[in-house]
Amino acid sequence: MSQSKVKKYLPNCLLTNARSIISKTDEFGCILQSNNIHYACVTESWLNNDIITDAIDIPGYVTYRRDRQDGRRGGGIVCYVRNNVPCKRITELERPDVESMWLLYRNVY
């Protein structure tokens, strides 16, 4: 395929600081779907082991989460990736002393 016929694809991404996603999941899901968001990363998710992933799932998206593990309140990351977007979490790159999450995206379009 010639360079001029290659289909260009750029995903729509969203980054936000939620200061607790648990009470905002429905509204956040509407924002993702109405704005055609492929990836959404939420800092300050404030999730912990007592909150099951089913409680924050958004239809049409895969949920990846990394809760703060040191006992302090707040923190945490949750990422939503649209079901049809190729993505894989790379936990080998994550360190216990750094609050981060690594996702591998492969553009196959």
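Guide: Buried means a relative accessible area under 20%, exposed means over 50%, and partly exposed lies in between, with a 1.4 Å probe and protein chains only. The model you see is predicted: local features need pLDDT of at least 70, side-chain atom pairs count only at pLDDT 80 or more, and totals for chains, interfaces and linings use all residues. Residues are numbered from 1 along each chain as its sequence is written, and side-chain values use heavy atoms, leaving out hydrogens and water.

Visitor: Thanks! What percentage of the protein's residues is buried?

Guide: The protein has 109 residues in total. Among these, the buried share comes to 36%.

Visitor: In which order do the strands of the four-stranded open sheet lie?

Guide: Two strands pair if DSSP finds at least two bridges between them. The edge strands, which pair on one side only, are β1 (13-17) and β3 (61-66). Between neighbouring strands of this sheet the average turn is 15°, direction ignored. The pairing is mixed, and the order is β1-β2-β4-β3.

Visitor: Which residue of β4 is the bridge partner of Thr63?

Guide: Thr63 is found in strand β3. β3 pairs with β4 (residues 77-82) in the antiparallel sense, over six bridges. In β4, the bridge partner of Thr63 is Tyr80.

Visitor: With which side chain does the side chain of Thr63 make a polar contact?

Guide: A polar contact is a pair of N or O atoms within 3.5 Å; within protein, one must be able to donate a hydrogen and the other to accept it, and residues adjacent in sequence count only if both atoms are side-chain atoms. Thr63 is buried, with a relative accessible area of 16%. At 2.8 Å, the side chain that makes a polar contact with that of Thr63 belongs to Asp57.

Visitor: At about what angle to β1 does helix α1 run?

Guide: Axes are lines fitted to C-alpha atoms, for helices over the stretch in contact, and angles run from 0 to 180 degrees between N-to-C directions. Helix α1 (residues 25-34) lies across β1, β2 (39-43), β3 and β4. Its angle to β1 is about 155°.

Visitor: Is Thr25 buried or exposed?

Guide: Thr25 has its place in helix α1. A polar atom of its side chain lies 3.0 Å from the backbone oxygen of Ile21. Contact means heavy atoms within 4.5 Å, and, leaving aside neighbours within four places in sequence, the residues in contact with Thr25 include Ala55, Asp57 and Tyr80. Its relative accessibility is 6%, so Thr25 counts as buried.

Visitor: How many residues are in the largest nonpolar core?

Guide: A nonpolar core is a set of buried Ala, Val, Leu, Ile, Met, Phe, Trp, Tyr and Cys residues joined through side-chain atoms within 4.5 Å. Ile21, Phe28, Leu32, Val42, Ile56, Val78 and Tyr80 touch the most other members of the largest core. α1, β2 and β4 each supply at least two residues of this core. The number of residues in the largest core is 14.

Visitor: How far apart are the ring centres of Phe28 and Tyr80?

Guide: Rings of Phe, Tyr and Trp (its six-membered ring) pair if their centres lie within 6.5 Å; planes under 30 degrees apart count as stacked, over 60 as edge-to-face and the rest as tilted. Phe28 lies in helix α1 and Tyr80 in strand β4, so the pair ties together parts that are 52 residues apart in sequence. Phe28 is buried at 8% relative accessible area, and Tyr80 counts as buried at 0%. The planes meet at 50°, so the pair is tilted, and the centres are apart by 5.8 Å.

Visitor: What kind of aromatic pair do Tyr39 and Tyr105 form?

Guide: Tyr39 in strand β2 and Tyr105 in strand β6 (residues 103-105) are 66 residues apart. Tyr39 is buried, with a relative accessible area of 11%, whereas Tyr105 counts as partly exposed at 25%. With 5.2 Å centre to centre and 90° between the planes, the pair is edge-to-face.
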